[in-house]
Amino acid sequence: MTTGQPAVKIAADALVEVRFTVNGSPVTVTVPTRMHLADALRNSLGLTGTHLGCEHGVCGMCTVLVDGDAARSCLILAVQAEGTEVVTVEGLGTPDEQHPLQRAFSHHHALQCGFCTPGFLLSSYDLLARGGVDPDTLPAELSGVLCRCTGYRGILAAVADVARAYPDGVPAPGNCTARTIVGRGGTGGGSVAGTGSSAPSPEIDAEAARVPEAIQRPTGTPTVTVAVARELSSPVQDVWAVLNDVERLARCLPGAVLTATLGADTYRGRVAVGLGPIRLAFDGLARVTVRDVADHRLELLARGADTGGNRTTAEIVLRADPIAAGGTRLHADARVFLSGRIAQFGRALAGDVSQRLFEQFAEAVDETARSGSTPPPTAGASPLAIGAGVARAAFRRRLATLRHAVRTRFRL
Ligand code: FES
Ligand code: FES
């Protein structure tokens, strides 16, 4: 495609800032160049109404409107959305004021599990907005979206009803006004979220500059406790120099991005964590409560939440001890409190993830201490790597359990 613009070369693993409008709100996301629009909507903005089925352009479940036309968001790169106006199913109507299509789907029981429904709603909208729908050709017109469970009669009846009611074109999406994007769970904070963003937009600057309420020290039994140590080759004063510099420290934590320094040793940031196919992005605050220079010990309180209702609070202690041969033993102790869906992963899984994160963190601290440089912002939490490590650990545990059961059963 010739655009008349000079060609720009961008590394495949680079992060790119993309600005566009979603459901009437201007947003900025910082995403890997290869991320498709559906992932940017879901993971960066918390708009999980856009569903992914095949991710190959076949099932139509990921359909959104781009500049008024239906488009498969799994086939569009997020960077291609620059400057466009995107409407997702969240923009079609509200629970109190549903779009006529939503009301008709409800009336005709045109859904069962509902997975295909966002794609059907936006494809139907695209069709009806043009007016003059022929009932005979409706099945063919909507054949680009697949439903696995409810059958198509209710869907076709619903769309035909709306077509009859609005022969000159269906009403525009009713929930597209400039406002903060609120993703699933309605907790907000995802207005300008992005994986690995290092350059906050003016909107997030304003949010980041807001003075936070104090972070409460958690009480009760933590969901998971972490107590890990690792030997590093760097001398203790170099390691402490990294620990004592929160900006460099944050860069060493996989998937973490510092978005604002709020004063009183309090920081706002974002952490992306991947558990196999599940990706979670937490926005939150961290406050340094102890900087013990003599003991090379840093204590922090952190809390975060994502747009899906997951919450975490943590007390973290990092300590660097000198060891023989000029190296350092880096200790990390944490009491982590989880609530929401993430808590259902269980202690074992959360422990494995914490272990993997700490291993990657320790490697980055060692490298940063050795080189004396500031690591570049990360592009995410390496979800597959963590997922694979976790899966291996879970498999090993399962195998050990089975071996034990077999030995006990047969008295081997
Ligand atoms: S997920 Fe996009 S077409 Fe199937
Ligand atoms: S209602 Fe389940 S896939 Fe369509």
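View 1. With a relative accessible area of 15%, Asp-126 is buried (under 20% relative accessible area; over 50% would be exposed, and partly exposed lies in between, using a 1.4 Å probe and protein chains only). This is a predicted model, in which local features need pLDDT of at least 70 and side-chain atom pairs count only at pLDDT 80 or more, while totals for chains, interfaces and linings use all residues. Residues are numbered from 1 along each chain as its sequence is written, chains are lettered from A and ligands numbered from 1 in the order in which they are written, and side-chain values use heavy atoms, with hydrogens and water left out. Asp-126 is found in helix H3; helices (H or I, at least four residues) are DSSP runs, numbered from the N terminus. Its side chain makes a polar contact of 2.6 Å with the side chain of Arg-130 (a pair of N or O atoms within 3.5 Å, one able to donate a hydrogen and the other to accept it; residues adjacent in sequence count only if both atoms are side-chain atoms). Beyond its neighbours within four places in sequence, Asp-126 is in contact (heavy atoms within 4.5 Å) with Leu-65, Gly-68, Asp-69 and Ala-70.

**View 2. Ser-123, also in helix H3.** Ser-123 counts as buried, at 15% relative accessibility. Setting aside neighbours within four places in sequence, Ser-123 touches Thr-63, Leu-142 and Val-145. Val-145 lies 22 residues from Ser-123 in sequence, and their C-alpha atoms are 7.8 Å apart.

**View 3. Helix H3 against helix H5.** Here H3 (residues 117-129) packs with H5 (residues 153-165) at an angle of about 35°, their axes 11 Å apart. Axes are lines fitted to C-alpha atoms over the stretch in contact, and angles run from 0 to 180 degrees between N-to-C directions. Phe-120, Ser-124 and Leu-128 of H3 meet Ile-155, Val-159, Val-162 and Ala-163 of H5. These contact residues divide into six nonpolar, one polar and no charged.

**View 4. Where to read with care.** The mean pLDDT (the predictor's confidence in each residue, from 0 to 100) of the protein is 79, and 75% of its residues reach 70 or more. Where pLDDT is low, the predicted coordinates should not be read in detail.

Notes: Helix = DSSP H or I, 4+ residues; strand = E, 2+ residues; numbered from the N terminus. Nonpolar A, V, L, I, M, F, W, Y, C, P; charged D, E, K, R; others polar.
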